[in-house]
Every structure is written in C-alpha cells, then in structure tokens.
Amino acid sequence: MPRVAAESQEISLDGGCESPTLGELLKDLEDGDRKKDSGEDALAHHILDLTSLETRPVPFLLSFNNLCYDVRGKAGSVKTLLNDVSGEACDGDILAVLGASGAGKSTLIDALAGRVSSLRGTVTLNGEKVLQTQLLNVISAYVMQDDLLFPMLTVKETLMFASEFRLPRSLSKSKKMERVQTLIDQLGLRNAADTIIGNEGHRGVSGGERRRVSIGIDIIHDPIVLFLDEPTSGLDSTNAFMVVQVLKRIARSGSMVIMSIHQPSARIIDLLDRLIILSQGKSVFSGSPTSLPQFLSEFGHPVPEKENITEFALDLIQQLEGTSTQGTKELAELNEKWQQNLSPRATPMSTPYKALSLKESIITSVSRGKLVSGSTSSNPISMETVSYANTPLVETYILSKRYMKNWSRTPELITTRLATVMVTGLILATIYWRLDNTPRGAQERMAFFAFAMSTMFYTCADNLPVFIQERFIFLRETTHNAYRTYSYVISHALVSLPQLFALSIAFAATTFWTVGLSGGVESFFYYCLIIYAGFWSGSSFVTFISGLIPNVMISFMVTISYLSYCLLMGGFFINRDRIPSYWIWFHYISLMKYPYEAVLINEFDDPSRCFVRGVQVFDSTLFAKVPDEIKVKLFDTLGNSLGTKITESTCLRTGPDLLLQQGISQLSKWDCLWITFAWGIFFRILFYLSLLFASKNKRT
C-alpha cells in the first residue's frame with residue numbers, strides 16, 4: 001500500500017526579499033494547523049493512504065461567505081457591487097456566474113481571485129483563509145476577458161514561452177515541450193499549432209482558437225483553481241461551446257473552474273455544474289443548473305417548454321428590476337430559503353479524505369501532476385521555487401528572445417522607422433548641402449543641429465503605443481510571478497539598443513558628409529555616439545511615459561508638450577545667459593540641451609577654423625552692401641584705434657568664439673555624451689518604478 005509522509009520541511013531562500021516558495025507557504029499552513037491542535041498527537045506526521053487516490057480526485061472546497069464590495073463615486077456616493085454573496089465550488093466543478101451587464105459578475109471573479117483589495121467577507125479553501133495570500137497566486141490562474149497575446153508568435157511558441165516562464169528550470173526543455181504538446185492536444189489546437197496568433201494586419205488563428213490559447217497560457221502549470229472572466233465573450237455559439245468543453249476537461253483533471261458567462265447556450269448549460277445568478281450585486285440563485293427550473297416554478301414563473309432556462313431567468317430578473325419597486329428582493333429572499341432547505345454537498349470534511357488538510361491536499365495534488373514541477377512523488381514539495389521559476393538573468397534572456405522574435409516578424413515596422421529617419425536625413429542633407437565656413441554657414445550649421453537633435457527625440461514618440469499595448473500582458477504575467485519587474489525593464493532596454501544603433505548609423509551616414517561637417521572619422525564616430533545617446537534617452541523617456549500613462553492620446557500630448565519645452569529651453573532659440581532666472585532650472589533638465597551642445601562642441605571646438613574673416617564681419621548688418629574698399633578703410637580706422645592691423649584675411653571669430661557666444665562653456669562634449677546616456681538610464685529607472693507602483697492589477 002503506497003503511503004506518503006507529509007512532513008514539515010525546512011526550505012531556505014537566498015535573499016530575504018524574495019516571495020515565499022510553495023514549500024514555505026505550505027509550512028505556514030502546517031504551523032497554523034498545529035496551533036489549533038493540542039497535545040503531542042498534534043505534532044505527529046499525518047500518514048496518507050493513497051490507494052484510493054489513484055482513482056478519486058483530491059478534494060478541494062472553495063467557500064466564500066458574505067462577500068461585500070463598495071466603490072465610492074463622485075460627490076461621495078457609494079455604489080454596491082457585491083452585496084452579501086455566498087457560495088462554494090469543488091474540484092471537478094465548473095462554477096458559472098451569470099447576470100446582466102453591471103450585475104457584478106466580473107467583480108465576483110476578481111474578488112475570489114484576490115484582485116479586490118477592499119473586499120469584506122471570507123474566502124476559504126478547505127477551511128483555510130486564502131484571500132490576499134501568496135498561496136492563492138501559486139495554486140491558481142486568472143484568465144482575463146481580453147485575449148492579450150503577442151500577434152506574431154505562433155500558438156506553439158506562445159505556449160512554449162509560457163512554459164519557460166512558469167515551469168521550473170529543473171525541468172528539461174524536452175519535458176517542457178512535452179507539456180506544451182499535451183496542452184495543445186487538451187485545448188484542441190493541434191491543427192493551429194504553427195499558425196501565428198495574428199492581428200488586424202496579419203491573419204492568424206480564429207477567435208475561438210485565440211481564446212483557447214489565452215486559457216492555455218495561464219494553465220501551463222496545471223493550476224488547482226482556474227478563474228476566467230467571460231471566456232466565451234465575443235465568440236459564436238460553436239466556438240463558445242468548444243471553449244467550455246476545454247474547461248470541462250480541465251475541471252475533470254482535478255481543477256476547479258470558476259468563470260463568469262453571459263447567456264450560455266443550452267449545450268453549455270449541460271456542461272456546467274453550479275450556477276450563481278447575480279442581480280445588482282446580490283445573489284438571486286445558487287445551485288445546480290438542473291434545479292433552476294424548479295426554483296423558478298416555486299417563485300411562480302415556470303420555464304416554458306423549449307426555452308433556454310438561463311435566458312428565461314435573466315429576462316425575468318431584468319423585468320423585475322425594471323418594473324417592480326422591490327426589484328429582485330423577493331427572488332433573493334427565496335434563494336436564501338432555498339439554500340437552507342438544500343441537503344449539504346459532500347465536502348472534504350465529509351468524505352473519506354477528511355484527514356487531509358489544505359497542505360496535504362496540495363502535496364498530494366503535486367505528487368499526481370498538478371502544479372507542474374520538477375518534484376518527485378516521494379518529495380512533492382521540493383520544487384526549487386514557485387515564486388519565480390527562473391533566475392533574473394534567464395528571465396531577461398527569455399523576455400529578450402520573445403520580443404526579438406515577435407519584432408523581427410514585423411519588417412514593415414522596422415523598414416518604416418528606418419525609412420523615416422533616412423528620409424529626414426536626406427531632406428536635411430539637401431537643404432544644408434555642403435555648408436561653408438562663413439558667418440551664414442555657421443548659423444545654418446546651428447540650425448541644422450537644432451533640428452537634427454530634436455528629430456532624434458520626436459522620432460521616438462512612435463514607441464508610445466508599444467508598451468501600452470503590452471501593458472495587460474505584463475500585468476497578467478507578473479501577477480502570477482512569471483518574471484520579475486526589473487527583468488522586464490532590463491530586457492526592454494536591451495532589445496531597443498540594436499534598433500537605435502541602426503537608426504543612429506543611418507542618420508549619421510546620411511548627413512555628416514553631405515552637410516559638410518568637419519573633423520573626419522573621429523568626429524563622425526562621436527557624431528554617431530551622440531545621436532545614439534539622443535535616441536536612447538528619447539526612447540527611455542517615451543517608455544517611461546507609456547508606463548506611467550496607459551492612455552495613448554494623453555501620452556502623446558504629454559510627450560510632445562515636454563519635448564517642445566525641451567526644444568525651447570535647449571539653447572538654440574535663446575542662449576543660456578538670456579533665460580530668465582525662474583526658468584533656468586528647465587534649461588538644465590532639457591533633454592535636448594546636452595546633445596545639442598555636444599554636436600556644437602564637436603563641430604566648433606577647433607580654434608584653427610575661422611568663421612568670420614575680414615569684411616565678413618559686416619554680413620547681415622547695415623554695412624553689408626557697402627563696397628569692400630570702404631570696409632577696408634573702416635578696418636584701418638578700427639585697427640589704429642585698437643593698436644592692431646586688421647585686413648581682409650584677418651580671422652575675427654573662430655569656432656570657440658562662436659561657442660562662447662552661444663553660452664556653451666560649462667561642459668565638454670564627453671560630459672554631454674555621458675549626461676545624455678545617464679538621462680536614458682534615469683528614465684528606465686522611473687519606468688521600473690512606474691511599473692512597480694503605478695501598474696497594479698487590482699481594484700481598490
């Protein structure tokens with residue numbers, strides 16, 4: 001007779017700030033059980049007879065009692081979204097939450113999944129409180145209503161990346177691939193395994209297949225509890241039925257499935273085990289779908305023949321809400337009486353498994369393949385880590401690989417961005433073609449640099465929608481500890497560097513020699529670096545804004561406004577010494593100040609180059625049209641007064657003189673380069689903080 005000793009194990013973590021492992025969470029549960037017991041028997045190990053477990057599922061009972069949730073609106077008004085809702089779900093069950101729009105279906109699913117922070121009431125699993133605990137995140141999965149997937153990855157690649165994030169590194173790649181293949185078969189996706197997900201511009205899998213892939217991502221580790229927010233929304237009846245069929249198979253494998261659904265078909269109703277129907281946050285029915293007709297008959301509204309029972313019930317509720325002053329109060333009261341008269345369901349405390357605590361049930365489930373891990377049946381909780389499956393370095397590598405694979409399959413975006421930069425460079429090159437070393441040439445060089453440097457930043461604004469589109473993918477994955485936030489930030493920065501380098505080379509090569517910039521290869525190398533730094537800091541700033549503000553239009557407004565202020569205060573339109581004292585601080589936080597000053601220093605720091613020679617000093621003045629003979633006589637007069645000889649070939653203003661005239665004297669060009677790079681790092685840190693604190697996937 002096989003026996004398993006569920007012993008307390010000491011599991012240590014490197015670093016006190018990491019999330020607890022499943023072993024530690026289970027140990028906490030065991031310690032809590034010991035406090036409830038007394039005497040030496042409480043310290044004895046529980047010996048579990050697993051003979052019958054080979055044919056029976058491990059019992060789990062999720063109970064929720066008196067759940068209430070209110071939100072405050074404008075002017076201090078309070079709206080009740082959940083009002084004293086109670087119910088239960090067992091392993092092997094599909095619990096469906098029904099109701100009209102605004103009835104509280106999604107709110108109840110969020111509440112049970114621990115995504116509501118100000119919830120009142122209790123949620124227990126096998127008698128243990130699990131609401132807002134790390135253990136619930138470990139043993140459960142949450143599938144959002146929207147299909148949040150990378151469009152250019154295939155079905156198999158999407159699930160494979162999910163396995164690399166969620167399954168422990170102790171599992172070999174072949175074992176992970178085997179799990180993915182099993183899941184593809186379970187989801188009915190074998191024929192679509194090598195098809196891309198697709199989007200509006202790229203044809204991919206169907207809507208039903210897309211929904212099943214979304215489910216597959218979150219059940220890759222075979223969770224014990226699966227929450228789904230309207231998984232059939234937007235699907236036709238056939239695809240909706242296929243999705244619920246998949247969920248039924250998942251439930252039969254030993255999981256409990258809890259989902260919200262809107263007007264299921266008769267075929268779907270046959271697959272459901274329990275229903276909760278909500279009306280304005282209040283439970284008006286809770287029980288088996290087969291008992292719903294009898295319940296409605298007792299209320300005085302029997303279901304007509306060949307009528308969909310849930311559609312009839314929802315129509316009746318809507319009618320009561322719209323015509324009766326009491327609304328559905330009488331229906332809710334009947335439901336309370338109905339619940340009292342029901343015979344109690346079999347629970348873990350009333351089955352042959354009554355000796356199994358929550359910890360023991362989880363251990364046994366793990367030993368039988370749930371919560372896929374690298375553990376063995378003899379040591380089921382020896383998972384290396386459940387808090388994070390990979391080290392930060394591995395997470396960064398996987399994230400970078402996924403992003404690059406998705407990005408490389410959109411050549412039209414890559415080509416468009418590169419073409420935009422090169423076209424801008426060619427336009428500037430043809431306008432500022434081969435500038436000379438005259439006063440006008442010097443002024444035109446400054447205008448070219450001002451426009452070129454601002455272009456670096458404005459071009460980066462096209463990155464704004466990128467993270468906003470990925471935002472909910474990030475939230476979904478980090479909620480269940482697929483990877484660390486800083487791993488995502490680092491990988492996001494790393495994959496952007498090669499793209500920005502290609503853009504920098506393209507723009508520099510297009511403009512440096514055509515405009516006639518000086519300094520040769522060494523100056524060209526520095527010119528490439530400062531453009532690269534400008535792209536880097538601009539991209540980092542835009543990334544930070546997209547992480548802080550999830551709305552695309554508002555993000556664009558904030559970005560364009562800030563960059564316009566930076567351009568105004570950068571030093572081209574007004575010199576530093578002419579900026580009012582109350583605005584001088586903005587000059588120093590202007591992102592364009594440092595690359596603009598850097599390219600000016602790179603171009604004008606050679607004292608041997610002369611930009612104002614002899615009579616050129618009169619250009620752009622009232623004396624510009626005076627004959628040169630008269631100008632030479634003026635030089636003689638000025639020379640006598642100054643005690644020096646000024647001729648037509650005398651250099652009156654060198655490159656360094658122009659820099660001083662522009663108020664550029666505080667920093668070297670290398671200082672400007674490092675500061676520009678530092679701005680990029682600073683905004684990446686702010687991006688990390690915005691993800692850490694501003695991107696919360698919970699209701700308050």
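Tutor: Happy to! Let's begin with E164, which counts as buried at 10% relative accessibility. Buried means under 20% relative accessible area, exposed means over 50%, and partly exposed is in between, with a 1.4 Å probe and protein chains only. Keep in mind that this is a predicted model: local features need pLDDT of at least 70 and side-chain atom pairs count only at pLDDT 80 or more, while totals for chains, interfaces and linings use all residues. Residues are numbered from 1 along each chain as its sequence is written, and side-chain values use heavy atoms, with hydrogens and water left out.

Student: OK, which side chain does E164 meet in a salt bridge?

Tutor: The partner is K401, at 3.8 Å from N to O. E164 sits in helix α4 and K401 in helix α13, so the pair ties together parts 237 residues apart in sequence. The criterion for a salt bridge is a side-chain nitrogen of Lys or Arg within 4 Å of a carboxyl oxygen of Asp or Glu. Helices (H or I, at least four residues) and strands (E, at least two) are DSSP runs, numbered from the N terminus.

Student: And is K401 buried or partly exposed?

Tutor: K401 is partly exposed, with a relative accessible area of 27%.

Student: What does E157 pair with?

Tutor: E157 and R409 meet through their side chains in a salt bridge of 2.7 Å, N to O. E157 lies in α4 (residues 155-166) and R409 in the loop between α13 (392-408) and α14 (411-431), so this pair joins parts that are 252 residues apart in sequence. E157 is buried at 16% relative accessible area, whereas R409 is partly exposed at 29%. There is also a network of salt bridges linking E157, K405 and R409.

Student: How many salt bridges turn up in the whole structure?

Tutor: A search finds 18. One of them joins R115 and D110, whose closest N and O atoms are 3.5 Å apart. Both R115 and D110 are buried.

Student: Let's zoom out. What's the overall makeup?

Tutor: The protein has 24 helices and 14 strands, and 53% of its 700 residues count as buried. Among contacts with a separation of 6 or more, 76% are between residues 24 or more positions apart; a contact means heavy atoms within 4.5 Å.

Student: Which helix is largely enclosed by the rest of the structure?

Tutor: That's α12 (residues 358-367): nine of its ten residues are buried, so the rest of the structure largely encloses α12. Its buried residues include K359 and E360. Just after α12, G369 takes a positive phi of about 110°.

Student: Switching to α22, how does its length compare with what you'd expect?

Tutor: It agrees: the 15 residues of α22 (628-642) should span 21 Å at 1.5 Å a residue, and the end C-alpha atoms are 20 Å apart. The expected span is 1.5 Å times one less than the number of residues.

Student: And which of its residues are buried?

Tutor: K631, F635 and G639. Looking down the axis of α22, these buried residues fall within an arc of 80°, so they line one face of the helix. The arc is taken from the directions from the helix axis to the C-beta atoms. What covers the buried residues of α22 includes β14 (651-654). On the other side of α22, E629, K633, N640 and S641 are exposed.

Student: Why would residues spaced like that line up?

Tutor: An α-helix has 3.6 residues a turn, so residues three or four places apart point the same way.
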